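Visitor: I'd like to learn how to read helix packing from a model. Can you walk me through a case?

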Amino acid sequence: MEQYKQEFIEFMVDCGVLKFGDFVTKSGRKTPFFVNTGFYRTGSQLRKLGEYYAKAIKNSYGVEFDVLFGPAYKGIPLSVAAAMALSEFYGADIRYCSNRKEVKDHGDTGILLGSPMQDQDKVVIIEDVTTAGTSIQETLPIIKAQGDVQVVGMVVSVDRMERGQGTKSALAEIQETYGFPTTAIVTMAEVIEHLYNRPYKGKVIIDDTLKSAIDAYYVQYGAQA
């Protein structure tokens, strides 16, 4: 596993973003692990997060695109942080864009924050985590309504590697349904590989008991290749 992926896993743990316990996902699944990017809260954390996203974006899509779109609300700081990192580390001056949940009817009117999208723009979507692929159904119509734009890819922080609406993973379904590639900074398989029975800062985060709960979850919700 590449070094930056290992560092990112530990970064999520340090920031309290990657948690283990009893949770319910947006799609209603009871899960023993949860990724909440809302726990990146300081300037230094967001700066570092932007670097990890920028590296994943460059590795998968390069930097020859125009707009980084982060859906409201969590996608707003993600798009800003990653756009800044793409500029700082790769010299790519990518515009950021996000949507509002409510259309603004005064001042800076409309549904978008940041840069407007124009015909022929190439767009990368940035999200926190995709479980069942439900959020993209809300996001894509907003992007497509802005003009003749091309979505060239989507990046999330963690691929949970579980079924979307059918038997394939949510990211695989998005790729198949909408025709653009998807990627993640890390997969849950990589998270488990790095943390299982391996002490981190004096503590084993994924022990045998937790590993059994994760395995049981994947028996029920795991994606089929």
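Visitor: How are α2 and α3 oriented to each other, roughly parallel or roughly perpendicular?

Guide: Two packed helices are described by the angle between their axes and the distance between the axes. In this predicted model, α2 (residues 43-61) and α3 (residues 75-90) pack at about 70°, with axes 7 Å apart. Angles of 65 to 115 degrees count as roughly perpendicular, so α2 and α3 are roughly perpendicular to each other.

Visitor: Which residues make the contact?

Guide: From α2, it's L46, R47, L49, G50, E51, Y53, A54, K55, I57 and K58. From α3, you get P77, L78, A81, A82, A85, L86, E88, F89 and Y90. Sorted by class, that contact has 13 nonpolar, one polar and five charged residues.

Visitor: Which residues of α3 are buried?

Guide: Start with the general idea: an α-helix has 3.6 residues a turn, so residues three or four places apart point the same way. In α3, the buried ones are G75, L78, S79, A81, A82, A83, A85 and L86.

Visitor: What span does α3 reach, and what is expected?

Guide: Its 16 residues reach 21 Å from first C-alpha to last, close to the 22 Å expected at 1.5 Å a residue. Just after α3, G91 takes a positive phi of about 65°.

Notes: Residues are numbered from 1 along each chain as its sequence is written. This is a predicted model: local features need pLDDT of at least 70, side-chain atom pairs count only at pLDDT 80 or more; totals for chains, interfaces and linings use all residues. Side-chain values use heavy atoms; hydrogens and water are left out. Axes are lines fitted to C-alpha atoms, for helices over the stretch in contact, and angles run from 0 to 180 degrees between N-to-C directions. Helices (H or I, at least four residues) and strands (E, at least two) are DSSP runs, numbered from the N terminus. Angles under 35 degrees count as roughly parallel, over 145 as roughly antiparallel, 65 to 115 as roughly perpendicular and the rest as oblique. Contact means heavy atoms within 4.5 Å. Ala, Val, Leu, Ile, Met, Phe, Trp, Tyr, Cys and Pro count as nonpolar, Asp, Glu, Lys and Arg as charged, and the others, Gly among them, as polar. The expected span of a helix is 1.5 Å times one less than its number of residues. Buried means under 20% relative accessible area, exposed over 50%, partly exposed in between (1.4 Å probe, protein chains only).
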